[in-house]
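Please keep the sequence and the structure at hand while reading.

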Amino acid sequence: MRASTNESEHSRPQHQLRASCYTRSMITLYINPECPFCKKTVETARELGAPVTLKDVHEPGVTEELIQLGGKRQMPYMVDDEDGVSMYESDDIIAYLHRKFDHGT
Ligand SMILES: N[C@@H](CCC(=O)N[C@@H](CS)C(=O)NCC(=O)O)C(=O)O
């Protein structure tokens, strides 16, 4: 018996299709890749096929940009240019991404 019909194989093309609906990224996530709060936020964005641009605070100028936009040095921080929404707090960002991109359930 072959294990060729598992869930992940079938769901992958759907994610790709969803991601391809967008011509450009409108969500920016300011992250530190080692930060567990950032990791779970990025993972959710990937699972949902959300069009996200990641900005790593280790890169020159990114921390300054984050503080200028949000007012403090804390990661993750999300900016949604399309809807004019921005926020700190990983759980709030994850809930927001689900509301905006999880059309499956
Ligand atoms: N409650 C916040 C906690 C976020 C947090 O503690 N982030 C840490 C990195 S893991 C941070 O921003 N530290 C400040 C710094 O690295 O300068 C969340 O869930 O997003």
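This is a predicted model: local features need pLDDT of at least 70, side-chain atom pairs count only at pLDDT 80 or more; totals for chains, interfaces and linings use all residues.

## A loop residue beside the ligand

The backbone of E89 has a phi near 80 degrees, which is a positive value in a residue other than glycine. E89 counts as partly exposed because 15 C-beta neighbours lie inside 10 Å.

E89 also belongs to the set of residues around the ligand, which consists of N32, C35, F37, R73, Q74, M75, P76, E89, S90 and D91. Sorted by class, this shell holds four nonpolar, three polar and three charged residues. Two of its members, M75 and P76, are linked by a cis peptide bond, with omega near 0 degrees, and P76 is placed in the loop between helix 3 (62-70) and strand 3.

## Overall architecture

The protein contains four helices and four strands, and along the sequence these elements follow the pattern α-β-α-β-α-β-β-α. Of its 105 residues, 22% count as buried. Among contacts with a separation of 6 or more, 61% are made by residues 24 or more positions apart.

Individual pairs illustrate such links across the sequence. D81, in the loop between strand 3 and strand 4, is 53 residues away from T28 in sequence, and the C-alpha atoms of D81 and T28 are 8.1 Å apart in space. With 13 C-beta neighbours inside 10 Å, D81 counts as partly exposed.

## Packing of helix 2 against helix 4

Two packed helices are described by the angle between their axes and the distance between the axes. For helix 2 (residues 36-48) and helix 4 (residues 90-101), the angle is about 5 degrees and the axes are 9 Å apart. Because angles under 35 degrees count as roughly parallel, helix 2 and helix 4 are described as roughly parallel to each other. On the side of helix 2 the contact is formed by F37, K40, T41, T44, A45 and L48, and on the side of helix 4 by S90, I93, I94, L97, H98 and F101. By class, this contact between helix 2 and helix 4 comprises seven nonpolar, four polar and one charged residues.

F101, which lies in helix 4, counts as buried because it has 20 C-beta neighbours inside 10 Å. Apart from neighbours within four places in sequence, F101 is in contact with L48, G49 and A50. The C-alpha atoms of F101 and P51 are separated by 9.4 Å, although these residues are 50 residues apart along the chain.

In soluble globular proteins, nonpolar side chains tend to be buried together. In this model, the largest nonpolar core has 19 residues, and those touching the most other members are L29, Y30, I31, A45, A50, M75 and L97. Strand 1 (27-31), helix 2, strand 3 (77-80) and helix 4 each contribute at least two residues to this core.

Which residues does A50 touch, not counting those up to four places away in sequence? They are I27, A45, L97 and F101. A45 and L97 are also among the residues that form the contact between helix 2 and helix 4.

I31 is located in strand 1, and it counts as buried because 25 C-beta neighbours lie inside 10 Å. When residues up to four places away in sequence are left out, I31 touches C38, V42, L54, K55, D56, V57, M75 and P76. M75 and P76 are also among the residues that surround the ligand. I31 and T63, which are 32 residues apart in sequence, have C-alpha atoms 9.4 Å apart in space.

Technical notes. Residues are numbered from 1 along each chain as its sequence is written. A residue is near a molecule or strand if its C-beta atom, placed from the backbone, lies within 6 Å of it. Ala, Val, Leu, Ile, Met, Phe, Trp, Tyr, Cys and Pro count as nonpolar, Asp, Glu, Lys and Arg as charged, and the others, Gly among them, as polar. Axes are lines fitted to C-alpha atoms, for helices over the stretch in contact, and angles run from 0 to 180 degrees between N-to-C directions. Angles under 35 degrees count as roughly parallel, over 145 as roughly antiparallel, 65 to 115 as roughly perpendicular and the rest as oblique. Two residues are in contact if their C-beta atoms, placed from the backbone, lie within 7 Å. A nonpolar core is a set of buried Ala, Val, Leu, Ile, Met, Phe, Trp, Tyr and Cys residues joined through C-beta atoms within 7 Å. A residue is buried if 20 or more other C-beta atoms lie within 10 Å of its own, exposed if 12 or fewer, and partly exposed in between; C-beta atoms are placed from the backbone.
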